[in-house]
Amino acid sequence: MLLYHCRSDIMDLQLPMEKVSFGLNSTEENNKINVALVATGSFNPPTFMHLRMFELARDALQSEGFHVIAAYMSPVSDAYKKTGLVSGDHRLQMCRLACETSDFIMVDPWEVRTICSDYGVVCICREGQDVNKIISDDEILNENKGNIRVTNDLVPNQISSTRVRECISRGLSIKYLTADGVIDYIRDKGLYRNQEDKKDDF
């Protein structure tokens, strides 16, 4: 999860703007630092946990006095060559469907590539992971640990794209693991299915 301060040239960036909100025109709001959140990943497929990360990051930053104006899901390109990675076109469309009901999450078709020293990172802890150790063991993260905010989820959620794909390949239901629009899209396009397994109950 990446965080960047919004500068006066944000309008020059080729980003979707339809859900961007700069808040109320009050002195208190005007004194807050505006930030936008960007999450990169395969989103193969996007899940409710991906969307939940944005909510957690927004809560954490707003509790520190920032104003989150928008958030972007930015799927990795097809050049990533990850096993089982469906095409970028499919993943972009699933991300758009997943964030339809969000008031601030959008999809950025260009993979954002940034470094910790230029921007900040909001890290969402997953149950069973030692985030502090991960940071200290990584040279780049450790050097820039002052730019990293770690936040815990009070309601741990272990939904992952890998587990969703496994359910689909086994013909199991993925209802309530991702948005209904994403489920319909996966079914319509026949994504993540084993050829031998034709059950249609997810």
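Tutor: Buried means under 20% relative accessible area, exposed over 50%, and partly exposed in between, with a 1.4 Å probe and protein chains only. The model is predicted, so local features need pLDDT of at least 70 and side-chain atom pairs count only at pLDDT 80 or more, while totals for chains, interfaces and linings use all residues. Residues are numbered from 1 along each chain as its sequence is written, and side-chain values use heavy atoms, with hydrogens and water left out.

Student: What makes T151 a buried residue?

Tutor: T151 has a relative accessible area of 13%, and the limit is under 20%; therefore T151 is called buried. T151 belongs to strand 6, residues 148–151; a strand is a DSSP run of E with at least two residues, a helix one of H or I with at least four, and both are numbered from the N terminus.

Student: Why is L191 called buried?

Tutor: The relative accessibility of L191 is 7%, which is again set against the limit of under 20%; L191 therefore counts as buried. L191 lies in the segment after helix 7. Not counting residues up to four places away in sequence, L191 touches V86, H90, M94, I168, Y185 and I186, where contact means heavy atoms within 4.5 Å.

Student: Which residues of helix 7 are buried, and how do you know that they line one face?

Tutor: In helix 7 (residues 180–189), the buried residues are V182, I183, Y185 and I186. Down the helix axis they fall within an arc of 165°, so they line one face of helix 7; the arc is that of the directions from the helix axis to the C-beta atoms. These buried residues pack against helix 3 (88–98) and helix 6 (161–169).

Student: Why is helix 3 called roughly antiparallel to helix 7?

Tutor: The two axes come within 8 Å and cross at roughly 150°. Axes are lines fitted to C-alpha atoms, for helices over the stretch in contact, and angles run from 0 to 180 degrees between N-to-C directions. Angles under 35 degrees count as roughly parallel, over 145 as roughly antiparallel, 65 to 115 as roughly perpendicular and the rest as oblique. Helix 3 is therefore roughly antiparallel to helix 7. The residues in this contact include H90 and M94 of helix 3 and Y185 and I186 of helix 7.
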